Amino acid sequence: MTLILQEYRFPLHLEPRVESIWEVYSRAKAERWDPSRSVAWDRLDAGAWPDDAREGARLAWSHRAWLQFGRLSETPSLLVRFCLERQRESDPKYFLSLRGTDEAWHLDVCHRVAERCGGFVAEPGNAAYAARFNQTLHREVLDAALGLDEYVGAYVALREHLEAALLAVARAATTEPVLASALDLMLRDKLRHAQFGWLYLAERRAQLDDAARGAIARRSQDMLERFYASGLMVPGFAPDIAGDVAAAQESAAAAGLGVASFGAQRQALRGVLEDARARFAALDVEAANLRLPG
Amino acid sequence: MNAILSSPAAPTATAPLLDRTERRFPLAMDTAIPKIRELYVAATRNQWDPERDIDWNALDPDAIPDEQREAARNWWSRRGWGEYGAISESPTLSVRFTQDRLPVEMALFFALRTNEEARHAETCYRMAERLGGYIPAPIHADFTKAIGSHGVRKMALDPDTSVECIIAALVCGLEEYAFDWFKLMIDTTGNPVANRALKLILRDEVRHCAFGWHFIESRLPHMTPDEIERMRQAFIDTTVHVELTGYRVPWMAPDSPMTDEENRIDALTRAAGLGASIESEEKPVFIATMRRVRQRFADLGIEVPLFTHAKLGTF
């Protein structure tokens, strides 16, 4: 039985307290966009692409949407968790309320692209792969038995950091201008999401004891297993059950349609994980043993 | 009914929905409730920024008599406390929508709605600051009970409470009452900065109210008579036990030194044209709101009874 914390609302802090995060929040408000208007959808001519490239993009962007859907429950849960913790700062709450809108728009964009490529694919072809998407992160976020700071370390700072790297390498590989513009918007948001995670972890540094630091390291490796070794984020890591999606990504990548090749993704992840280890080390979190698959 | 358990470390509560296994696929992304999809699009197009879209410098606190300024500072702080509930509680509805596999536009819209509520809280905070400083807690402990919670988080995480019941109570009830209240305040708030703040908030609230009715209307053809009756009762219970006990305005709460003080604050704020409403002006508005909401439910074939309140009579 999952238990959640009981709220003690007062004194209720609505004032900014963490200047760095308030700045990220302010910047996020200024950088609002609109999936229906900020991307020139009428110029996206998927019919002009070779069939295999179009089908590859269709499945690759559908895969992106499958992943993004989980955020619709995870981010609200994270916001509520911050509110349930006693006397946490207001800045993360404001920021997370915005992060939720970013993620709604990202899902919207992914769905639009898939539709224009021939139709959104509603589920993975492999049932075992599909089951891996049922991560129930909203439960872990709210679970009073699990610490919030360890979640931020593993699932906000590190996970967003890796996802930003994947979006960046996808953007670098994208030659189709409409998709490039969409990825530019998504990447700009995602970089803020990662920045928030590291900033907040740094803010909490003084409160992190050895147990918390150990938990961050453990949950970070757990996250890498669940989201990367499993093939969830990068299907190329699980060709046995996600080979169709991996192949789709290769086809789309070769045509510059919003995805990077498996090789490019793996290289990007290795580089950013090295960076993340250094960031964790600066926070006295032992992360030298963090490993990606392959 | 959730049980409240306690531990030496921190009091906790059960949340049965969280123990349900997630089932993400098949993922339905097509629009099932077009009117709610339209609300999501409209919300995206009507974003605003409390920092940049309100000319805070135009509010000169030194030009306001001290007693009125202090009252308005209290009032806007209280408004911030109220808006915060939509940040700390209502986001769990997004969890409920996704786990119940309701149309995706509901969660998409609610993501925008959560941000709007955060904007409202930020706006109220900025107003209070401008007027002398945000106040982070009520002076009277009793007041915290009235404004502490409308119980949405608990209901959202309880699979035995239907989403229809929650929406009927929260949106078709509480949000509708607040909507007409905001309209009244816009008519009576002469200070341009305060008026601007209220107008921007109201513009968002239009969509929040519409969401509730669009959802209920989409669900009714699929509900059994028992389910409709439970939903009707949830609306009634929330009106009686939350709204009519002073959740939104102190004059609806039983008289006490605390409510006297809050009413005094409201009157001073109202007199200064800085927001708030007073009992004498709001009574007919609230009764008209109830008439309107009752008719809206009647149009859906749902009868809402008359209510009774010591200061409103039977209405």
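A salt bridge here is a side-chain nitrogen of Lys or Arg within 4 Å of a carboxyl oxygen of Asp or Glu.

This is a predicted model, where local features need pLDDT of at least 70, side-chain atom pairs count only at pLDDT 80 or more, and totals for chains, interfaces and linings use all residues. Residues are numbered from 1 along each chain as its sequence is written, chains are lettered from A and ligands numbered from 1 in the order written, and side-chain values use heavy atoms, with hydrogens and water left out.

**Stop 1: salt bridges inside helices**

Over all chains, the structure holds 70 salt bridges. Side chains of opposite charge can pair when their charged atoms come close.

Select Asp108(A) and Arg112(A). Their side chains meet in a salt bridge at 2.7 Å, N to O. Both residues sit in helix 4 (residues 91-116) of chain A, four residues apart, about one turn of the helix. Helices (H or I, at least four residues) and strands (E, at least two) are DSSP runs, numbered from the N terminus. An α-helix has 3.6 residues a turn, so residues three or four places apart point the same way. Asp108(A) and Arg112(A) are both buried. Buried means under 20% relative accessible area, exposed over 50%, and partly exposed in between (1.4 Å probe, protein chains only).

Move to chain B and pick Arg126(B) with Glu122(B). The closest N and O atoms of this salt bridge are 2.9 Å apart. The two residues are four apart in helix 4 (residues 104-130) of chain B, about one helical turn.

Now take Arg69(B) and Asp66(B). They form a salt bridge, with the closest N and O atoms 3.2 Å apart. They are three residues apart in helix 2 (residues 66-88) of chain B, about one helical turn. Is Arg69(B) buried or exposed? Arg69(B) counts as buried, at 18% relative accessibility. Asp66(B) counts as exposed, at 55%.

**Stop 2: backbone**

Most residues other than glycine have a negative phi, and most peptide bonds are trans.

Select Phe10(A) and Pro11(A). A cis peptide bond joins them, with omega about -5°. Pro11(A) is in the loop between strand 1 (3-5) and helix 1 (19-30) of chain A. In chain B, go to Phe25(B) and Pro26(B). A cis peptide bond joins these residues, with omega about -5°. Pro26(B) is in the loop between strand 2 (12-14) and helix 1 (34-45) of chain B.

Next, check phi at Thr136(A). The value is near 50°, positive in a residue other than glycine. Thr136(A) lies in the loop between helix 5 (127-132) and helix 6 (137-142) of chain A. At 7% relative accessibility, Thr136(A) counts as buried.

Then pick Ala276(B). Its phi is near 65°, a positive value in a residue other than glycine. Find Ala276(B) in the loop between helix 10 (257-271) and helix 11 (279-299) of chain B. Ala276(B) is buried, with a relative accessible area of 0%.

**Stop 3: helix 9 of chain B**

Select residues 225-241 of chain B.

Among the buried residues of helix 9 of chain B are Met231(B), Phe235(B) and Ile236(B). The buried residues of this helix pack against helix 7 (163-188), helix 8 (192-219) and helix 11 of chain B. Contact means heavy atoms within 4.5 Å.

**Stop 4: where chains A and B meet**

Select Thr114(B), in helix 4 of chain B. Thr114(B) is buried, with a relative accessible area of 6%. It touches Leu79(A), Ser97(A) and Pro91(B), not counting residues up to four places away in sequence.

Show the whole contact. It takes 65 residues from chain A and 62 residues from chain B. The two chains bury about 5500 Å² between them, 63% of it on carbon and sulfur atoms. Buried area is the accessible area (1.4 Å probe) that two parts lose on being put together, summed over both.

Between chain A and chain B, the count is six salt bridges. Select Glu89(B) and Arg9(A), which form a salt bridge with the closest N and O atoms 3.3 Å apart. On the side of chain A that touches chain B, strand 1, helix 1, helix 2 (51-69), helix 3 (71-84), helix 4 and helix 6 of chain A each supply at least two residues. Helix 4 of chain A gives the most, with 12 residues.

Notes: Expected span 1.5 Å × (residues − 1).
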